Amino acid sequence: MDYPWHLYLLAFIYVLAGIMHFIVPKVYLRIMPRYLPNHKLLVSLSGVAEILLGIGLCFPETKNIAIIGIILMLTVFLLVHFYMLKGEKESAGIPKWILILRIPLQFVLMYWAYYYLGL
């Protein structure tokens, strides 16, 4: 089955984002909510999840499962985005206006994945 090029773009974005968890883990460790345990493990697991879900988008047998996984993952990531709005230390030096814009971006990314469900 031929999928649209933008589905592969989405897959590439998730695979790249997942790889970045291993190239620059400090970026992700800085934004982990304090109330979550074992930050290194969670950063690694989320990186692996993004890579696997991105790859999963590319195959008819796994595409819909990957889409549901991406939507669930992005929903969980909202916790991090709201946590970063809590204060200066939690924001990791990122300007508040960018942190606020990231929240609707999560929903755009969820919709982008949802668009391909059943395709």
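Tutor: Contact means that heavy atoms lie within 4.5 Å of each other. Keep that in mind as we read this model, which is predicted.

Student: Which residues is V43 in contact with, leaving aside its neighbours within four places in sequence?

Tutor: V43, found in helix α3, is in contact with H21, P25, Y28, L29 and M32.

Student: Is V43 buried or exposed?

Tutor: Buried means under 20% relative accessible area. V43 has 2% relative accessibility, so V43 counts as buried.

Student: How far apart are the C-alpha atoms of V43 and F82?

Tutor: They are separated by 17 Å, and the two residues are 39 places apart along the chain. I100 and L85 are 15 residues apart along the chain, and 7.6 Å separates their C-alpha atoms. For T75 and V108, 33 residues apart along the chain, the C-alpha separation is 12 Å.

Student: Where do I100 and T75 lie?

Tutor: I100 is in helix α5 and T75 is in helix α4. I100 is partly exposed, with a relative accessible area of 46%. T75 is also partly exposed, at 41% relative accessibility.

Student: How do I read a pair of aromatic rings?

Tutor: A pair of aromatic rings is described by two things, the distance of the centres and the angle of the planes. This structure holds 4 aromatic pairs. One of them joins Y111 and Y115, with 6.5 Å from centre to centre and 55 degrees between the planes, and this pair is tilted.

Student: Which residue forms an edge-to-face pair with Y115?

Tutor: Y116 does. The centres of Y115 and Y116 are 5.1 Å apart and the planes are at 85 degrees. Planes over 60 degrees apart count as edge-to-face, so 85 degrees qualifies.

Student: What is the relative accessibility of Y111, Y115 and Y116?

Tutor: Y111 is exposed, with a relative accessible area of 52%. Y115 is partly exposed, at 46%. Y116 is buried, at 0%.

Student: How many salt bridges does the structure hold?

Tutor: It holds 1 salt bridge. E90 forms it with R34, and the closest N and O atoms are 3.6 Å apart. The cut-off is 4 Å, so the pair qualifies.

Student: Which parts does the pair of E90 and R34 tie together?

Tutor: E90 lies in the loop between α4 and α5, while R34 lies in the loop between α2 and α3, so the pair ties together parts that are 56 residues apart in sequence. E90 is buried, with a relative accessible area of 12%.

Student: What about R102, which has no salt bridge?

Tutor: R102 is found in helix α5, which covers residues 96-114. R102 is buried, and the nearest side chain of opposite charge, E50, is 9.8 Å away. Not counting residues up to four places away in sequence, R102 touches H81, M84 and I94.

Student: How is empty space found in a structure?

Tutor: A probe the size of a water molecule is rolled over the atoms, and this shows where empty space is left. In this model, the largest pocket has a volume of about 780 Å³. The lining of the largest pocket has 28 residues, and those nearest its centre are H21, Y28, E50, F77 and H81.

Student: Which elements give two or more residues to the lining of the largest pocket?

Tutor: They are α1 (5-23), α2 (25-30), α3 (39-56), α4 (63-84) and α5. Of these, α4 gives the most, with 8 residues.

Student: Where does A92 lie, and is it buried or exposed?

Tutor: A92 lies in the loop between α4 and α5. With a relative accessible area of 15%, A92 is buried.

Notes. Residues numbered from 1 in each chain as written. Predicted model: local features only at pLDDT ≥ 70, side-chain atom pairs only at ≥ 80, totals over all residues. Heavy atoms only, no water. Phe/Tyr/Trp six-rings, centres within 6.5 Å; stacked < 30°, edge-to-face > 60°. Buried < 20%, exposed > 50% of the residue type's maximum accessible area, 1.4 Å probe, protein only. Helix = DSSP H or I, 4+ residues; strand = E, 2+ residues; numbered from the N terminus. Lys, Arg positive; Asp, Glu negative; His and termini not counted. 1 Å grid on protein atoms, 1.4 Å probe; cavity = no way out; pocket = protein on both sides within 12 Å on 5 of 7 lines; lining within 4 Å. Points joined across faces, edges and corners; volume = space filled by probe spheres on them.
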